[in-house]
Amino acid sequence: MTRIITQEEKDAQRVFADAVREYYAALGIAQPLALVRTFGCQQNVSDSEHIKGMLALMGFGFTETPEDADFILFNTCAVREHASDRVFGNVGRLKSLKREHKNLLIAVCGCMAQQPHIAEKLRESYPFVGLVFGTHVIHRFPELMLKALRSREPVTEIPVEDGVVAEGLPVCRDSHFKAWLPIMNGCNNFCTYCIVPYVRGRERSRAPEDILAEARALVAAGYKEITLLGQNVNSYGKAEGYGMRFSDLLRAINDIPGDFILRFMTSHPRDASRELFDTIAACDKVSRHFHLPVQAGNDRVLKVMNRHYTREQYLSLIRYARSVVPDISFTSDIIVGFPGETRAEFEDTLSLVKEVGFTSLFTFIYSPRVGTPAAQMPDPVDADTKVAWLRELTAIQEEISGRISARLVGTEQRALLEARRDGYTEARMSDNRVVR
């Protein structure tokens, strides 16, 4: 059941924030500096923006130089082993800095920190990390910060609190024209390879009036791209019974007066409906890009993954979408070398990729996650074979991507200017392709 954080609870955190200010003032530090490093998905980026908002409330400025920082935070990802290894490597390099800078507080938070065995490893192998907290207590960050500053021992807070929704947290956005807008958190799908439901908890959605109020404020502030976030945005509102489905929410935000692009991620194919594609077709501000992770192209593998759809059901969605939104662009995620996957089954994935014609793919070699069913499954295919399969898939996708992009040469497209790098201007089109 969803629990909304009360105003009294939020007021208490402001008291803790003031106490943190006073703590640093007593040390003679007028404005302490924080460095925040974010790993993983866009939801983590959004969480870090709220953490930075709370840091600003506590009187912090920001730096990108570790030697200048009074507080260093790693907001972590648990989806793949590589991301965890990077965090441990980055944390380990701070040991000498902590020795030189006694008042430096080092913290690790996010999905990786929510796992008990990771929290234990941080306690045992990285005792100079003063604060470890999980995904369910971000709204209590000022309280935890103060506790860690006053404590002689590391502070760890990783409770399981499914259903927590905290509105009105301060936010310090990374961009002045692109904004993340979380609409829900958690996941109920329990794919056998995925740790997300265990570290993010069950699905809970924000109230539509709160989402719409934030969207209107972003448009009024001049933001030109708004991306709705959720582990599975298609499931928006199911548990709470708001009477507004995700397609309804899209229409409502699309109807806000203003000139902006509306994006969303991520979608699960089992919950993607024809109604959703009809909505995209009818909404002029919704981008023509749809990230729809397929993970594999073979029915047996999809079943063992607990994905709840077949290859043909996925392809049927793609065909319908293109019938109502001819210019739609699809991207996807694919896991290579899932436990027990055979060469013939992998070739089914290759054939699906060729049939769909994705604009781009996010491809990964299967990475076992402690606590997931797939981590206990037999995995007879060796690592070198999986690497070879990944290269084969990548080569096919690169050829497809090049062919799709070549068709756009000489055309005129509406795009959002994002950056200037190396003498080039970069812009992102509605279908999510970047033009230099």
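This is a predicted model: local features need pLDDT of at least 70, side-chain atom pairs count only at pLDDT 80 or more; totals for chains, interfaces and linings use all residues.
Residues are numbered from 1 along each chain as its sequence is written, and side-chain values use heavy atoms, with hydrogens and water left out. Local features need pLDDT of at least 70 and side-chain atom pairs pLDDT 80 or more, while totals for chains, interfaces and linings use all residues.

**View 1. Helix α2, residues 42–57.** Helices (H or I, at least four residues) and strands (E, at least two) are DSSP runs, numbered from the N terminus. From first C-alpha to last, α2 reaches 23 Å, close to the 22 Å expected at 1.5 Å a residue, where the expected span is 1.5 Å times one less than the number of residues. Because 12 of its 16 residues are buried, α2 is largely enclosed by the rest of the structure. Buried means under 20% relative accessible area, exposed over 50%, partly exposed in between (1.4 Å probe, protein chains only). Just after α2, look for Gly59, with a positive phi of about 95°.

**View 2. Arg173 meets Glu214.** This salt bridge (2.9 Å, N to O) links the loop between β8 and β9 to helix α8. Both Arg173 and Glu214 are buried.

**View 3. Arg311 meets Glu355.** The N to O distance is 3.9 Å, and the pair links helices α12 and α13, 44 residues apart. Arg311 is buried at 19% relative accessibility, whereas Glu355, at 47%, is partly exposed.

Notes: A salt bridge is a side-chain nitrogen of Lys or Arg within 4 Å of a carboxyl oxygen of Asp or Glu.
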